[in-house]
Amino acid sequence: MSQPANALDAFRRTWEARHRDLPGALEPRREAFERFLAAGLPTTHDEDWRFTNLRKLAETDWASAEPAPLPALPEPLGPRLLFVNGRCVVEPAADELPPGVRLRSLAAALAEDASLDSGLGALADEKARSLTALNRALWEDGALLEIADGVSLDQPLEILRVHTPGAAPAATHSRTLLALGAGSHAVLVEHALGTGPGPYLVNTVAELFLACDAHLEHVMLQHEGPDALALGAIALQQEAGSHYTSHSLALGGRLARLEIRANLAGEGAHCALRGLYLGRDRQLLDHHTTIDHATPHTTSDELYKGILDERAHGIFHGRVHVRPHAQKISAQQTNRNLLLSDRALVHTKPQLEIFADDVRCSHGATIGQLDPDQLFYLRTRGIGERDARALLSFAFASEIAGSLPVAALRERLEAFVLGWLPGGDPA
Amino acid sequence: MTAPLLEIRDLHASVGGKEILRGLDLTIQPGEVHALMGPNGSGKSTLANVLAGREGYDVTRGEVRYDGEDLLGMAPELRARRGIFLAFQYPVEIRGITNGFFLRAALNAVRTARGEDEIDAFDFLELVKDKMKSIEMDPKFLDRSVNEGFSGGEKKRNEILQMALLEPRLAVLDETDSGLDIDALRIVANGVNGLRSEQRAVLAITHYARLLEYLVPDYTHVLLDGRIVKSGDKALALELEERGYGWIEQEVQGPGAPA
């Protein structure tokens, strides 16, 4: 089937105009771009994109995102790497970062050290995923985070990406490369912030390496503008004894999808994926996860919760793959959804592919309304129905919000949830 | 004579199409403690739920007046704000809301309705800790999710704590004594006794007379098949404890009486 021509033509024009100026080696970019053109954008005929229709993306004439002045920014949570419309504008000062930690522009780093280029695409699958190939071809800048062996950070690191919609719909392709050394400990907050209405596209690809016994708490706060299309893919490799916890908070965007593919490559690796999505209006919020238990004695734990109001659409697809030799596996997966409107919609699909016999795997999915007994209990204490509903929705979200590793962020999110809920602030 | 606080006349109520209350009459004056006893299935909890306004309890006949007003037309939160409190037989667990947050939200909802200022976090903490001390409840229960993982006794104590904070004019205790050991029973009864005054009244629904040794009723009523069939003072409660309900069933029906 042929693609509507607009977006492909637009990306081709961008390629023609810019490919010589983009950072890093040209040849892998050219190959990737050809792969992208051959494959085209995903359509709802692809099983993985069945409910996530990219027609809007395909039919838009995407310009390249332009530099923009700095808008007002939230308080930093720690050393901050700042991007505006895909370009790095502020790097943390050298004295803000402890020894052994490098947090900087990937384009700038690549200009100094061309060998970094060979690290790109080691985990992200450019062959099977056309958006990843597109990103490989067109990425302009991104974040590089390297943490040396044994370094423990006592404050969170922050990557803030601000997107300001311009006069014409613009596309940003950004990249993240992250390597945690053996035994290192870090908290990373990635914050994507849209400054207002107007369509734009953000296509991000991240590759994360966790060496033996590395610990990473990874918060992804997605608060794009109401007309944004935000597509993210994370590829993660975990060596023995490493612990990875993600907190995906999907609050904004017209259509937002985050894919996480984790490869548990060493014994004792533990992967915890948590997510909260709050949708209203006609927002589509999509989470796809794949956890590959490639070695024995690996564990994973997933908990995604969604609150959907009005005509919002939530999607959760969680795949757990246990290889034949991978015994003594424990994998849990839960997806809970709260529908505040009878026009809101959820598609949830657990997919366990287990080829070993000594494993403990469970999954559960629920889609429901507020518990009438809880509602009645609150009302018998004088709390009005609207406030009681808000309070219970807040309680539903707080399981995720309350577990965020940064107190300031937890408070910000809880305040956001209370403000977001119909019924407002009950306290 | 003062106006009754609660006046129930010829109350008929159904649950799921089945009639449970069949012509119940009960009048409670301010300052009184009434005990309502009866065997399982006699309609005790149905009455408690009707008074609190739970959905699914359909009143098919009769009326309930509270402080001179039609109670049945009021939303549950309105009843609470006017001073009715139901201590639940099975308090609900709410994960994700701390008990302290919940208690303050409830207190402020009731205070606002009474035309009082909202209580700030600091004053609230002082107040609630004082109340907790009086019912021997550890302040750590403020930071836990509402009733989640509480033992049966802890849940009941939490109900009494809510009652102590909200200071209702009519407290309805739905088998608050069930599942309590003797120490917990004494503490719960003391909590209720601490609330007694000339303006307030208590309706204690119970299966056993045990509670009534500590919470001495002015009146005892026996509920059978959805009707109050016998009323007396606290001596009736003791008699029921000794003899069970069989003799009353016989007395009510009489030999060979139609069911």
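Predicted model: local features only at pLDDT ≥ 70, side-chain atom pairs only at ≥ 80, totals over all residues.

**Stop one: a histidine in chain A**

A:His347 counts as partly exposed because 15 other C-beta atoms lie within 10 Å, and a residue needs 20 or more to be called buried. Now colour by secondary structure: A:His347 sits in strand 19 of chain A, which covers residues 345-354.

Which residues does A:His347 touch, once you leave aside its neighbours within four places in sequence? Show A:Phe51 and A:Ile315, and you have them. Then pick A:Ala143, which is 204 residues away from A:His347 along the chain.

**Stop two: chain B on its own**

Chain B has 8 helices and 12 strands. With a radius of gyration of 18 Å, close to the 18 Å that the globule rule gives for 259 residues, chain B is as compact as a globular protein of that length. Along the principal axes, its C-alpha atoms fill a box of roughly 65 × 40 × 40 Å. Of the 259 residues in chain B, 46% count as buried.

**Stop three: where the chains meet**

Bring chain A back. Here 22 residues of chain B are in contact with 19 residues of chain A. On the chain B side, select helix 2 (76-81), strand 7 (94-98), helix 3 (99-113) and helix 5 (152-166), which each give two or more residues. Helix 3 of chain B gives the most, with 7 residues. Colour this side of chain B by residue type and you'll find 14 nonpolar, 2 polar and 6 charged residues.

Definitions and conventions
Residues numbered from 1 in each chain as written. Chains lettered and ligands numbered in written order. Contact = placed C-beta atoms within 7 Å. Helix = DSSP H or I, 4+ residues; strand = E, 2+ residues; numbered from the N terminus. Nonpolar A, V, L, I, M, F, W, Y, C, P; charged D, E, K, R; others polar. Buried ≥ 20, exposed ≤ 12 C-beta atoms within 10 Å, placed from the backbone. Rg over C-alpha atoms; globule rule 2.2 N^0.38 Å.
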